[in-house]
Amino acid sequence: MKSLDIHKSEYLKQFETQTYGRNLFRTQEEERLDAPNEECGIFGMYSDNDLDTFSLSQFGLFALQHRGQEACGISVLKDGKITNMKDEGLVLDVYKEIQDPEAFMGNSAIGHTRYTTAGDKKKYNFQPFFAKNEYDQIILSIAHNGNLTNARELKNELEAEGVVFRATSDSEVILRLIQKNLDLGLRGAIKATMEKIEGAYSVVGMTRNKFFAFRDFNGIRPLVLGAVDEKTYVVASESVALDAVGAQYVRDILPGEIIYTNENEPGKLNSYMVNEARGKQRICSFEYIYFARPDSTLENINVYEIREKSGEKIWEQAPVEADVVIGVPDSGVPAAIGFSKASGIPFRPVLIKNRYIGRSFIVPTQEMRERVVNLKLNPIISEIKDKRVVIIDDSIVRGTTSKRLVKILKDAGVKEIHFRSVSPPIIAPCYLGIDTPSKDDLISANMTTEELRNYLGVDSLEFLSTDSLKEILGSSNHCFGCFTEEYPVGKGEEVELFN
């Protein structure tokens, strides 16, 4: 058998040219219903010199495709003019629709990959958002990842002042607040905005002569800073986007920090802490378990290493006699390798991916939707028939895809199935930029572990404990709200943003 180091290398290498798929057992519909979903990925770059912003923004956003597959958009700054393009679809498809790449070459660009958490799925909610002046010129553009918990209240205040909203997304609240306060200067406008908004937000943006980015006071959603050279900077949701454009990771943008350029100091990037006393590190722990690409580094912690350690730790928690360990591609594989290292039970990449399948199957019946899953992943029966199998998955949300996975293994003739989730039980929804089902639909909020074991029909079931997760991360300074129902900020109104 190949060494586990070779498996790791092959596993990580594939994402340089292929889109990372978190859990390939989930159909497109189930990605919405039976999985936590990230709102979006954001990307931005600035240089004192002209860049191939068309190509580089494409590379950066492709690396963030896993954070949103519904829509994609970019804004580019060239000669003091901002040009915007956004459309439904995947990154490469949207870029194909750009007829004149030269129009998107400049010295600064921001981009966005979208998954809906706040606001509906109409095109007017696609990002980047932009504001115009009386001459119909774009003067400000932003891309936002996260979720505001007081957006409805702020929208009402702004509308009472005569501000007109064109979308139904909380991100437009950020845009309009910055626009309203621009007479304070860019830094002053962002500071005034951050002092009003609550919740989770990482934002990148531009005016006609400045580039900026900022992060909420708890740093819940990730935002990293990189540099290509002394006068070319890159900001992104994950470090893999820096790698994609040839930038070196510098550091994570701090909670409550604004970074910005100044037209009077070309090529210099400035930093300003809005309120150091309020700044606390509470990055979402689920970024490490599920959302981020495994070759990303967030807050100086490598995602792959955390996932591999989670497999080792769950072996310590719940050892079991078995013949083979398998992981659900893509997100469950590192933990399966870790489980194998700790236990000595061989890891086998038994679930084979079809590398050419897309997301475009439209099938009307449940029976046919089941067949789509088998097109995406097919087990090597000879490796698991009549054997005791440990299956490692990233999480259990509603339980529907976990139950299907168990059925596929049983149909393949597996003797015993031992299910391990390297996420603690998800017992509460997220209000801070992740789309999770309501508490009524979260199976671990409504069943004991033993009841869930019986429901899935497995021989044993174990979840990584929250204490073990904290130990792996090396800190309690994260958001664990979906596991504990305790959040770093108030959850706000439990209603649609703009009814």
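Helices and strands here are DSSP runs, numbered from the N terminus. Keep in mind that the model is predicted.

**Exercise 1. Work out how α6 packs against α7.**

Take the geometry to begin with: α6 (residues 170–180) and α7 (residues 186–194) pack at about 135°, and their axes are 8 Å apart. That angle makes α6 oblique to α7, since roughly antiparallel would need an angle over 145 degrees.

Then get the handedness: α6 passes α7 in a right-handed crossing.

Now the residues. On the α6 side you have Ile174, Leu177 and Ile178, which meet Ala189, Ile190 and Thr193 of α7. Sorted by class, this α6–α7 contact holds five nonpolar residues, one polar and no charged ones.

**Exercise 2. Do the analysis again for α5 and α6.**

Angle and distance: α5 (residues 151–160) packs on α6 at about 45°, with the axes 10 Å apart. So α5 is oblique to α6.

Handedness: α5 and α6 make a left-handed crossing.

Residues: α5 brings Ala151, Leu154, Lys155 and Leu158, while α6 brings Asp170, Val173, Arg176, Leu177 and Lys180. By class, the α5–α6 contact comes out as five nonpolar, no polar and four charged residues.

Look back at Leu177: this α6 residue is listed in the contact with α7 and in the contact with α5.

**Exercise 3. Trace the annotated binding site.**

Check the record: an unreviewed UniProt entry carries a "binding site" annotation on Ser331, Asp393 and Asp394.

**Exercise 4. Pick out non-glycine residues with positive phi.**

One of them is Glu299, whose phi is about 55°. Glu299 lies in the loop between β16 (297–298) and β17 (301–302).

Asp386 qualifies as well, with phi near 65°. Follow the chain and you'll see Asp386 in the loop between α13 (381–384) and β21.

Methods
Residues are numbered from 1 along each chain as its sequence is written. This is a predicted model: local features need pLDDT of at least 70, side-chain atom pairs count only at pLDDT 80 or more; totals for chains, interfaces and linings use all residues. Side-chain values use heavy atoms; hydrogens and water are left out. Axes are lines fitted to C-alpha atoms, for helices over the stretch in contact, and angles run from 0 to 180 degrees between N-to-C directions. Helices (H or I, at least four residues) and strands (E, at least two) are DSSP runs, numbered from the N terminus. Angles under 35 degrees count as roughly parallel, over 145 as roughly antiparallel, 65 to 115 as roughly perpendicular and the rest as oblique. A crossing is left-handed if the near helix is turned anticlockwise from the far one by less than a right angle, and right-handed if clockwise. Contact means heavy atoms within 4.5 Å. Ala, Val, Leu, Ile, Met, Phe, Trp, Tyr, Cys and Pro count as nonpolar, Asp, Glu, Lys and Arg as charged, and the others, Gly among them, as polar. UniProt positions are given in the numbering used here, feature names are shortened, and annotations may be inferred rather than shown by experiment.
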